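Work through the exercises below with the sequence and the coordinates open. Try each task before reading its solution.

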Amino acid sequence: MATPANAAAQSPEGICGAGFGRVTGGTKAVTTPSGRRYGTVYLLYNGKTQQNCVVTIKSSFTGTKTPVSAELTVMPKAIKDTKQSPTVRRDSGNFKYYAGPVKYWAKQACVKFWGTIKPLGHDPAVARGGRQSWGNCGG
């Protein structure tokens, strides 16, 4: 993903694009098991395109490429007598400021979202955050 020069000041709305807004419960800290916060993962929705968007923005190690991920899992609305499988979309790699945007159509669908940030070097503490239960199911 291309990273703009002013990425450190980017908002999740700016990264996801026009029409996206944060959803209730869609802002989660990305923390290590010991409680160190390395950033925030955001879930946004665009009513016009009916897409969700996930972005993980670093607050630690900014400007240095470190492993960062943003993940969106979408469960389509159940269809009678049809087994449904979730769709997973992920952006991961070594990024200076953020991972994402990860977008997927989510009208009448439940979603989960997740983000990770890992420092370089000997520190094994991976920060994780998001929601691993289904939510924001819409109508």
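Predicted model: local features only at pLDDT ≥ 70, side-chain atom pairs only at ≥ 80, totals over all residues.

**Exercise 1.** Find the aromatic pair and classify its geometry.

Solution. Step one: count. Step two: take the geometry. The ring centres of Y38 and F61 are 4.9 Å apart, and the planes meet at 80°. Step three: apply the cut-offs. Centres must lie within 6.5 Å, and planes over 60 degrees apart count as edge-to-face. The pair is therefore edge-to-face.

Y38 belongs to strand 2, residues 37-46. F61 sits in the loop between strand 3 (51-58) and strand 4 (66-75).

**Exercise 2.** Are Y38 and F61 buried, partly exposed or exposed?

Solution. Buried means under 20% relative accessible area, and exposed means over 50%. Y38 has 4%, so Y38 is buried. F61 has 32%, so F61 is partly exposed.

**Exercise 3.** Describe the surroundings of W114.

Solution. Locate the residue first: W114 is in strand 7, residues 110-117. Next, check accessibility. The relative accessible area of W114 is 24%, which means partly exposed. Then list contacts, leaving out residues up to four places away in sequence. W114 touches V41, V54 and T56, among others. Its contacts also include S69, A70 and E71, as well as R128, G129, G130, R131 and Q132. Finally, take the C-alpha distance to S69. W114 and S69 are 8.0 Å apart in space and 45 residues apart in sequence.

**Exercise 4.** Which backbone angles deserve a second look?

Solution. Begin with the background. Most residues other than glycine have a negative phi, and most peptide bonds are trans. Q50 has a positive phi, near 60°. Q50 is in the loop between strand 2 and strand 3, and at 23% relative accessibility Q50 is partly exposed. Q108 also has a positive phi, near 55°. Q108 lies in the loop between strand 6 and strand 7, and at 34% Q108 is partly exposed.

The bond joining G100 and P101 is cis, with omega about 5°. P101 is part of strand 6, residues 98-105.

How values were computed
Residues numbered from 1 in each chain as written. Heavy atoms only, no water. Phe/Tyr/Trp six-rings, centres within 6.5 Å; stacked < 30°, edge-to-face > 60°. Helix = DSSP H or I, 4+ residues; strand = E, 2+ residues; numbered from the N terminus. Buried < 20%, exposed > 50% of the residue type's maximum accessible area, 1.4 Å probe, protein only. Contact = heavy atoms within 4.5 Å.
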